[in-house]
Amino acid sequence: MVSLVIPIFNEELLIDTLAERCLAAMQRISPDFEIVCIDDGSSDNSLSLLKKWHGKDNRIKVVTLSRNFGHQAAYTAGLTYAKGDYIAMMDGDLQDPPELLPAMHRKLVESNDEIDIVYGKRTKRGEELQKALSIRLFHKIFKQVSGIDAADNVGNFSMLNRRALQAFLCLEERNRYLPGLRFFIGFNQDYVEYERDDRAAGEAKMTFGKLVRLALDALFSFSDMPIKLCFWTGVTGIFILFIAGIYALFSKITGTAYIGWSSLSLSIYFLGSVQLLFLGVIGEYVFRIYRETQRRPIFLIRKIYE
């Protein structure tokens with residue numbers, strides 16, 4: 001059995017096309033499949049359209065969450081519910097082509113269990129230039145600072161076998177960045193290349209602010225680089241102040257010291273700003289630790305249509 005997990009949030013303009021293309025793609029793989037759509041608290045007609053498609057074909061399952069828990073939580077809900085031996089993940093905006101799913105499945109099956117995960121690697125992006133460059137820069141930074149050999153230009157679009165999914169679901173952290181977690185679990189991974197299209201209709205749900213929050217979750221969850229940067233900046237500051245102290249003492253002795261308050265004020269403001277910045281970095285770690293210790297559910301299911 002093959003499962004396809006798709007998080008949905010206010011995608012009423014794409015539901016019909018999404019269902020048609022996904023059904024056609026999954027039927028090319030196997031007659032035994034399910035499409036698990038996670039309604040992440042949509043406020044438009046997305047849920048009604050999903051229920052309509054469920055009535056037409058009960059291989060389309062609909063899991064409704066009690067509210068909007070976010071993209072990564074919705075994926076987690078779908079992966080927890082999926083029953084397949086092979087489980088695919090795909091966004092609901094049709095930027096990732098469902099027609100590529102048979103190629104992913106074929107790679108897994110033909111490897112005779114030598115490959116556990118196949119992910120989609122983007123050779124070209126259809127988004128606006130600023131967004132595409134920002135995402136590419138993030139992937140480069142994440143690969144350097146996380147200590148994980150993650151591929152560039154890779155997102156959620158992928159297919160896993162059951163044993164890789166079981167390992168994936170063992171990771172219960174609340175601050176989730178699924179592509180990073182997928183590489184963290186290891187296993188044998190391969191990829192298929194494709195060109196990522198722009199959205200077919202509607203507005204992007206992953207706004208710049210949400211992208212920044214996801215990037216921060218990825219950075220603080222997988223790297224201690226920010227806190228190390230604070231430490232080494234502090235060490236550098238102490239060294240500079242030590243040199244400045246020697247210079248000031250020498251100037252006093254030789255009588256060449258300048259009288260004035262501007263340099264002193266600027267130094268105080270500069271050091272105060274650096275301290276506030278460092279407190280902010282520490283606060284990001286403390287907040288994430290606090291969220292983990294709360295042990296709240298990653299998602300809550302309101303109803304399942306199966």
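1. Ground rules. Since this is a predicted model, local features need pLDDT of at least 70 and side-chain atom pairs count only at pLDDT 80 or more, while totals for chains, interfaces and linings use all residues. Residues are numbered from 1 along each chain as its sequence is written, and side-chain values use heavy atoms, with hydrogens and water left out.

2. Overall picture. The protein has 10 helices and 8 strands; these are DSSP runs numbered from the N terminus, with helices being H or I of at least four residues and strands E of at least two. Of its 306 residues, 45% are buried (under 20% relative accessible area; exposed is over 50%, partly exposed in between, with a 1.4 Å probe and protein chains only). The accessible surface is about 16,500 Å², and carbon and sulfur atoms own 60% of that (Shrake-Rupley method, 1.4 Å probe; for residues, only the protein chains shown count as cover).

3. Contacts. Take the contacts (heavy atoms within 4.5 Å) with a separation of 6 or more: 82% of them are between residues 24 or more positions apart.

4. The cores. The largest nonpolar core has 35 residues, and those touching the most other members include Leu4, Ile35, Leu101 and Met104. A core here is a set of buried Ala, Val, Leu, Ile, Met, Phe, Trp, Tyr and Cys residues joined through side-chain atoms within 4.5 Å. Helix H1 (residues 15-29) supplies the largest share of this core, 7 residues. There is also a second, separate core of 26 residues, with Ala82 and Phe168 among them.

5. Helix H4. Which residues of H4 (residues 101-110) are buried? They are Leu101, Pro102, Met104, His105 and Leu108. These sit on the same side of H4, because they cover an arc of only 160 degrees around the axis (taken from the directions from the helix axis to the C-beta atoms). Leaving aside residues up to four places away in sequence, Met104 touches Val118, Tyr119, Gly120, Phe157, Ser158, Met159 and Val192. Just after H4, Asn112 has a positive phi of about 55 degrees.

6. Strand E3. Thr64 lies in E3 (residues 60-65) and is buried, at a relative accessible area of 2%. Beyond residues up to four places away in sequence, Thr64 touches Asp39, Leu47, Ile301, Arg302, Lys303 and Tyr305.

7. Helix H9. Ile243 belongs to H9 (residues 225-254) and is partly exposed, with a relative accessible area of 43%.
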